[in-house]
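Hi everyone, thanks for making time for this. Have a look at it first, and then we'll start with a question.

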Amino acid sequence: MRVPVRWVLWDVKDTLLKVRRSVGEQYCSEAERAGLKLPAGLKLPAAQVETAFGQAYRQQSRLFPNYGRAQGMDSQVWWTGLVRGTFAQCGVNDPALLDRLANNLYYNFCGPENWEVFPDSNSTLKFCTALGLKQGVVSNFDKRLEGILRGCGLLTHFSFLLTSEEAGVAKPDPAIFTQALVRCGVQASSVVHVGDHYVNDYLTSRSLGIRGYLLDRQDCHGHLDVPAQHRLQSLGELPARLQQDTD
């Protein structure tokens with residue numbers, strides 16, 4: 001007899017919510033507000049900033065994984081380095097301006113203004129609660145997550161939040177899921193995890209016996225060896241799967 005589901009664990013970014021505008025657009029808007037001076041008629045191209053951000057993010061993550069926890073950094077210091085690296089690639093080298101940009105952008109992303117909740121998130125979370133399931137978050141995120149979820153109206157759905165900054169390990173390290181299972185207080189087979197990343201969310205959770213579901217809103221992962229019953233194209237498909245598992 002299959003063990004009934006007791007908990008649902010959630011990834012956050014690109015699962016329950018997403019950035020409202022592209023990073024390039026938001027960084028450019030803040031640069032203008034912070035007083036970046038360019039020759040008359042010129043604007044910093046959002047596409048250039050987006051590309052620079054991607055390169056800086058990969059380098060920062062390689063040098064200082066998981067917000068530099070192992071090197072004694074915290075997330076704000078980590079993001080300051082990333083913002084500096086992004087704008088430096090775009091020719092912005094004024095130290096005072098870079099510090100102002102880094103500080104403003106860090107706090108801009110603390111609240112709901114720059115985040116958009118997917119239309120199916122809140123209803124699905126409510127349905128899970130109505131089924132009598134407890135819910136938690138396991139996310140490669142920093143300490144701002146609680147405030148973001150509160151501002152987006154989602155925080156009350158969760159019994160706990162476990163960010164990679166707090167855990168000291170990040171997905172795909174299974175240790176973050178092991179910590180989450182301790183908080184759940186049940187065996188892995190009683191737990192569901194939903195996320196949009198094939199390795200970080202689906203494979204890693206499944207490797208521990210958690211019932212992982214891969215959210216594939218854009219049908220980007222059709223080539224991967226994921227059984228149809230483990231794949232979701234929207235969160236609206238989850239309640240029926242959970243009802244089958246909890247019956």
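Which residues does valine 194 touch, not counting residues up to four places away in sequence? Keep in mind as we go that this is a predicted model. The contacts of valine 194 are Val8, Leu9, Trp10, Asp11, Thr15, Tyr213, Leu232, Leu235 and Leu238.

Six strands form an open sheet, and the order is E5-E4-E1-E6-E7-E8, with parallel pairing. The edges belong to E5 and to strand E8, residues 231-232; each has a single partner strand, so one side of each is left without a neighbour in the sheet.

Let me zoom in on strand E4, residues 134-139. Five of its six residues are buried, so E4 is largely enclosed by the rest of the structure. On one hand, E4 is joined by four bridges to strand E1, residues 7-10, and the two run parallel. Within that pairing, tryptophan 7 has lysine 134 of E4 as its bridge partner. On the other hand, four bridges also connect E4 to strand E5, residues 160-163, again running parallel. Here glycine 136 has phenylalanine 160 in E5 as its bridge partner, and valine 138 stands opposite leucine 162. If you follow the chain from E4 through helix H7, residues 145-151, to E5, you trace a right-handed β-α-β unit.

A pair of aromatic rings is described by the distance of the centres and the angle of the planes. How many aromatic pairs does a search of the whole structure find? It finds 12. One of them joins tryptophan 78 and tryptophan 79: this pair is edge-to-face, at 5.1 Å centre to centre and 85° between the planes. Tryptophan 78 has 2% relative accessibility and so counts as buried; tryptophan 79 is buried too, with a relative accessible area of 16%. Another edge-to-face pair is phenylalanine 109 with tryptophan 115, at 5.9 Å centre to centre and 80° between the planes. Phenylalanine 109 counts as buried because its relative accessibility is 10%, and for tryptophan 115, also buried, the value is 6%. Stepping back, Trp78 and Trp79 belong to one aromatic cluster with Tyr27, Phe53, Tyr57, Tyr67 and Phe87.

The charged end of arginine 144 sits over the ring of tyrosine 106, 4.2 Å from its centre. Likewise, arginine 217 places its charged end over the ring of phenylalanine 118, 3.8 Å from the centre.

Not counting residues up to four places away in sequence, arginine 241 touches Tyr213, Ala228, Gln229, His230, Arg231 and Leu232.

Methods
Residues are numbered from 1 along each chain as its sequence is written. This is a predicted model: local features need pLDDT of at least 70, side-chain atom pairs count only at pLDDT 80 or more; totals for chains, interfaces and linings use all residues. Side-chain values use heavy atoms; hydrogens and water are left out. Rings of Phe, Tyr and Trp (its six-membered ring) pair if their centres lie within 6.5 Å; planes under 30 degrees apart count as stacked, over 60 as edge-to-face and the rest as tilted. Buried means under 20% relative accessible area, exposed over 50%, partly exposed in between (1.4 Å probe, protein chains only). A charge sits over a ring if NZ of Lys or CZ of Arg is within 6 Å of the ring centre and within 35 degrees of the ring normal. Contact means heavy atoms within 4.5 Å. Two strands pair if DSSP finds at least two bridges between them. A crossover is right-handed if, with the strands pointing away from the viewer, the path from the first strand over the helix to the second runs clockwise.
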